[in-house]
Amino acid sequence: MIESVLWASEPRDGESLLYVEGWALEPYGMEPHAWCATAAGEVRDVTWSRPSAAYLGLPLAPAAARELMVGGPVLHGRGGMVSMVAKAWMRDGVPAGLLADAGRALPSEQ
């Protein structure tokens with residue numbers, strides 16, 4: 001996950017990237033994962049040689065992600081558990097200004 005936040009921290013070819021942490025779909029199921037994305041939601045996966053079939057995650061500005069990652073990944077803790085940051089966000093909400101606007105919204109149930 002650190003590779004993705006470092007990659008997102010340094011724009012390449014004039015392209016600004018966001019750090020995204022969440023889950024990626026693999027043949028055996030969902031896998032905790034981190035990747036980079038453009039503001040349009042285009043995935044730039046710098047850690048897997050083969051892109052995933054689907055990605056779902058929270059986009060963060062790279063500087064915010066780096067600060068939050070001092071103790072490890074933002075969302076994922078050890079052994080498949082959620083991190084302390086994720087627990088606090090579930091309890092108190094995500095602090096204003098941390099999430100970046102990227103990709104497309106998921107459809108709402110009607």
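Modeller: Contact here means heavy atoms within 4.5 Å. The model is predicted.

Biologist: Which elements do the buried residues of helix 1 pack against?

Modeller: Helix 1 spans residues 2–9, and its buried residues are S4, V5 and A8. They cover an arc of only 95° around the axis, which puts them on the same side of helix 1. An α-helix has 3.6 residues a turn, so residues three or four places apart point the same way. The elements packed against these buried residues are strand 1 (18–26), strand 2 (29–37) and helix 2 (62–68).

Biologist: What is the strand order of the open sheet?

Modeller: The sheet has four strands with antiparallel pairing. Strand 3 (43–44) and strand 4 (55–60) each pair on one side only, as edge strands. The order is 3-2-1-4.

Biologist: What angle does the direction of helix 1 make with that of strand 2?

Modeller: Strand 2 pairs with strand 3 in the antiparallel sense over two bridges. Helix 1 packs on the sheet and touches strand 1 and strand 2. The angle between the directions of helix 1 and strand 2 is about 20°.

Biologist: Which residue of strand 3 is the bridge partner of A37?

Modeller: Strand 3 covers 43–44 and is an edge strand. The bridge partner of A37 in that strand is V43.

Biologist: Is T38 buried or exposed?

Modeller: T38 lies in the loop between strand 2 and strand 3. Leaving out residues up to four places away in sequence, T38 touches E15, S16, L17, L18, R44 and A102. With a relative accessible area of 6%, against a cut-off of under 20%, T38 is buried.

Biologist: How far apart in space are L17 and S4, C-alpha to C-alpha?

Modeller: L17 is found in the loop between helix 1 and strand 1, and is buried at a relative accessible area of 8%. Beyond four places away in sequence, the residues L17 touches include W7, A8, C36 and P62. L17 and S4 are 13 residues apart in sequence, and their distance in space is 9.8 Å.

Biologist: What is the radius of gyration of the protein?

Modeller: The protein has three helices and four strands, in the pattern α-β-β-β-β-α-α along the sequence. The globule rule gives 13 Å for 110 residues, and the computed value is close to that, so the protein is as compact as a globular protein of that length. The radius of gyration is 14 Å.

Biologist: What share of the 110 residues counts as buried?

Modeller: The accessible surface comes to about 7,200 Å², with 57% belonging to carbon and sulfur atoms. The share of residues that count as buried is 30%.

How values were computed:
Residues are numbered from 1 along each chain as its sequence is written. This is a predicted model: local features need pLDDT of at least 70, side-chain atom pairs count only at pLDDT 80 or more; totals for chains, interfaces and linings use all residues. Side-chain values use heavy atoms; hydrogens and water are left out. Buried means under 20% relative accessible area, exposed over 50%, partly exposed in between (1.4 Å probe, protein chains only). The arc is that of the directions from the helix axis to the C-beta atoms. Two strands pair if DSSP finds at least two bridges between them. Axes are lines fitted to C-alpha atoms, for helices over the stretch in contact, and angles run from 0 to 180 degrees between N-to-C directions. The radius of gyration is taken over C-alpha atoms; the globule rule is 2.2 Å times the number of residues to the power 0.38. Accessible areas come from the Shrake-Rupley method with a 1.4 Å probe; for residues, only the protein chains shown count as cover.
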